[in-house]
Amino acid sequence: MPRSRAPGTAPSAPTRPRLVLIGTGGTIAATAGDARTLTGYQVTQGIEAMLAAIPGATDVADIRCEQPFNVDSRDLSTAQVLRLARQAERHLRDPDVDAVVITHGTDSLEETAFFLHLTVRSPKPVVLIGAMRPASALSADGPLNLVNALLTAAHPASRDRGVLVVLNDRIIAARHAAKRHTTRVDAFGADGAGVLGAVTDGRVRYAARPELPETAPFDLSGLRALPPVDIILDYQDAPLHPYSAALQAGSRGLVVAAMGNGSLSPAAVRGCAQAIRRGLVCIRASRVPDGLVTDDAAHANGPLAAHALNPLQARIALRLALARGMDRAEIAELLRRL
Ligand code: ASP
């Protein structure tokens with residue numbers, strides 16, 4: 001039904017979506033010596049220049065750029081991720097901002113995305129994007145990925161879907177996003193439920209709503225640092241020394257990237273038992289990319305099952321849980337819900 005307006009008044013101009021675009025670096029902001037070099041590159045481009053170089057990008061919305069840092073994502077510190085999360089949340093609370101887009105290196109993008117998924121409380125869209133090829137490359141994927149991310153963030157149907165990752169035309173729930181290829185532009189996959197939609201010819205289409213049992217169980221207030229938690233890979237004939245080293249280094253928790261459905265080598269069983277006696281919380285996640293780690297009576301007093309979280313996600317959740325003073329029983333319950 002058309003909206004009524006007072007006689008004689010002009011129709012109000014449709015308001016353009018107002019986005020904040022936060023540049024943090026990564027391959028999308030990198031250049032290499034020549035157009036065929038896809039892997040040896042340096043982060044060189046600021047977010048303003050990157051946006052200005054993409055024809056039509058600013059037609060999508062009113063866009064304000066911010067650049068808290070400009071780094072390869074392998075160099076990101078916890079302090080920087082906390083700063084980014086706070087910055088995003090501050091903008092999302094602003095009634096004059098409709099959505100936030102974050103450009104990010106793809107190597108650790110899924111870690112930041114999951115951190116934001118656990119901490120940012122807002123129905124407004126938060127979209128992370130990156131690129132697999134540097135800006136100087138033939139067929140660079142960054143410009144289209146960025147436009148697709150802006151379109152996704154500006155789309156009203158993107159509200160209330162949790163934190164999103166947009167790469168290679170696909171919209172993926174941050175809860176499920178994972179880098180699955182080292183170099184191809186189609187690098188990001190999702191376990192089962194994660195692909196929510198696509199952007200094709202500038203049109204955003206959703207095919208699914210994410211089933212997110214719990215979003216943002218942690219708030220950021222007062223969080224200045226996170227306790228150290230290590231991930232230890234388990235394998236045939238694994239040694240005990242990584243567990244001793246973690247204890248010696250002052251880790252507060254351990255995540256074992258275990259075999260299969262969280263099954264542990266003898267060293268992992270002993271290492272976790274030692275760590276638990278010293279008061280650490282240990283989690284059995286799996287080194288297998290897809291599937292759950294289920295409860296197992298054999299480990300009733302040992303490491304907790306990660307359930308649907310992969311080792312990287314379990315580490316992030318455990319750091320936040322420990323920072324909030326949760327005990328073993330509360331963490332066990334949290335892992336079931338995430
Ligand atoms: N090394 C890069 C980074 O994570 C890789 C990329 O962005 O694709 O920053």
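Q: Taking buried to mean under 20% relative accessible area, exposed over 50% and partly exposed in between, how many of the residues of helix α3 are buried in this model?

A: The model is a predicted one, and in it helix α3, which spans residues 109-119, is mostly covered, with 10 of its 11 residues counted as buried. Among the buried residues of α3 are Leu109, Ala113, Phe114, Phe115, Leu116 and Leu118, and the list also includes Glu110, Thr112, His117 and Thr119.

Q: Which residues touch the most other members of the largest nonpolar core?

A: The general idea is that in soluble globular proteins nonpolar side chains tend to be buried together. Here the largest nonpolar core holds 58 residues, and those that touch the most other members are Phe115, Val165 and Ile331. The largest share of this core, 7 residues, is supplied by α7. Because domain 1 (18-206) and domain 2 (229-337) both give residues to the core, it lies between them.

Q: How many salt bridges does the count come to, and which parts of the chain does the pair of aspartate 290 and arginine 180 link?

A: Side chains of opposite charge can pair when their charged atoms come close. In this model the count comes to 12 salt bridges. In one of them the side chains of aspartate 290 and arginine 180 meet, at 3.0 Å from N to O. This pair links distant parts of the chain, 110 residues apart, with aspartate 290 in the loop between β15 (281-286) and β16 (304-305) and arginine 180 in the loop between β9 (177-179) and β10 (188-190). Aspartate 290 counts as partly exposed at 39% relative accessibility, and arginine 180 counts as partly exposed at 38%.

Q: What does aspartate 219 form with arginine 324, and where do the two residues lie?

A: Aspartate 219 and arginine 324 form a salt bridge in which the closest N and O atoms are 3.9 Å apart. Here too the pair links distant parts of the chain, 105 residues apart, aspartate 219 being in the loop between β12 (203-206) and β13 (229-233) and arginine 324 in the loop between α7 and α8. Aspartate 219 is partly exposed, with a relative accessible area of 27%, and arginine 324 is partly exposed at 35%.

Q: How many residues apart are arginine 336 and glutamate 333?

A: Arginine 336 and glutamate 333 both lie in helix α8, 3 residues apart, which is about one turn of the helix, and their side chains meet in a salt bridge at 3.8 Å, N to O. Arginine 336 is partly exposed with a relative accessible area of 45%, while glutamate 333 is partly exposed at 38%. Elsewhere, salt bridges that share partners join Arg18, Asp96 and Asp98 into one network.

Q: In what order do the 4 strands form an open sheet, and which are the edge strands?

A: Strands of a sheet pair through backbone hydrogen bonds, either parallel or antiparallel. In this case 4 strands form an open sheet in the order β13-β14-β15-β16, and the pairing is parallel. The edge strands, each pairing on one side only, are β13 and β16. Between β13 and β14 (residues 253-258) the parallel pairing runs over 5 bridges, and valine 256 in β14 is the bridge partner of isoleucine 232.

Definitions and conventions
Residues are numbered from 1 along each chain as its sequence is written. This is a predicted model: local features need pLDDT of at least 70, side-chain atom pairs count only at pLDDT 80 or more; totals for chains, interfaces and linings use all residues. Side-chain values use heavy atoms; hydrogens and water are left out. Buried means under 20% relative accessible area, exposed over 50%, partly exposed in between (1.4 Å probe, protein chains only). A nonpolar core is a set of buried Ala, Val, Leu, Ile, Met, Phe, Trp, Tyr and Cys residues joined through side-chain atoms within 4.5 Å. Domain bounds come from an automatic or database domain assignment. A salt bridge is a side-chain nitrogen of Lys or Arg within 4 Å of a carboxyl oxygen of Asp or Glu. Two strands pair if DSSP finds at least two bridges between them.
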